[in-house]
Amino acid sequence: MPAALAATRKGGRVVCAGIHMSDIPSFPYNLLWGERSVCSVANLTRGDGQQFMEIAAQVELRPTVEIFDLHGRQ
């Protein structure tokens with residue numbers, strides 16, 4: 001979490017989507033400064049995921065992925 005927040009620009013959001021997650025470690029407040037936010041998403045079932053993928057194929061959903069290197073960030 002601290003590495004993700006450190007790599008997030010002001011106004012950005014870090015989304016936690018793990019089904020089983022460890023506790024979030026303590027981190028300096030300045031990582032939230034600049035209206036950064038942390039949120040979680042509801043856990044979904046396998047069926048929910050399959051239904052979503054069917055709908056995504058029907059509407060020709062084409063996600064864009066941008067990969068950020070968090071290695072070595074604190």
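Ile-55 is partly exposed, with a relative accessible area of 43%, where buried means under 20%, exposed over 50% and partly exposed in between, using a 1.4 Å probe and protein chains only. The model is a predicted one, in which local features need pLDDT of at least 70 and side-chain atom pairs count only at pLDDT 80 or more, while totals for chains, interfaces and linings use all residues. Residues are numbered from 1 along each chain as its sequence is written, and side-chain values use heavy atoms, with hydrogens and water left out.

- Ile-55 belongs to helix 2, which spans residues 46-58; helices are DSSP runs of H or I with at least four residues, strands are runs of E with at least two, and both are numbered from the N terminus.
- Together with Phe-52, Met-53, Val-59 and Leu-61, Ile-55 forms a nonpolar surface patch with about 510 Å² of accessible area in total, the areas coming from the Shrake-Rupley method with a 1.4 Å probe and only the protein chains shown counting as cover.
- Members of such a patch have over 30% relative accessible area and no salt bridge, and nonpolar side chains (Val, Leu, Ile, Met, Phe, Trp, Tyr) are joined within 5 Å; a salt bridge is a side-chain nitrogen of Lys or Arg within 4 Å of a carboxyl oxygen of Asp or Glu.

**The loop between strands 1 and 2**

- Glu-35 sits in the loop between strand 1 (13-16) and strand 2 (37-40), and Glu-35 is exposed at a relative accessible area of 70%.
- The phi of Glu-35 is near 60°, a positive value in a residue other than glycine.
- Most residues other than glycine have a negative phi.
- Asn-30 is found in the loop between strand 1 and strand 2 and counts as exposed, with a relative accessible area of 52%.
- Although Asn-30 and Leu-5 are 25 residues apart along the chain, their C-alpha atoms are separated by 9.6 Å.

**Strand 2**

- Ser-40 lies in strand 2 and, at 59% relative accessibility, is exposed.
- The C-alpha atoms of Ser-40 and Ile-67, which are 27 residues apart along the chain, are separated by 20 Å.

Technical notes
Patches are made of residues with over 30% relative accessible area and no salt bridge: like charges are joined within 9 Å, nonpolar side chains (Val, Leu, Ile, Met, Phe, Trp, Tyr) within 5 Å.
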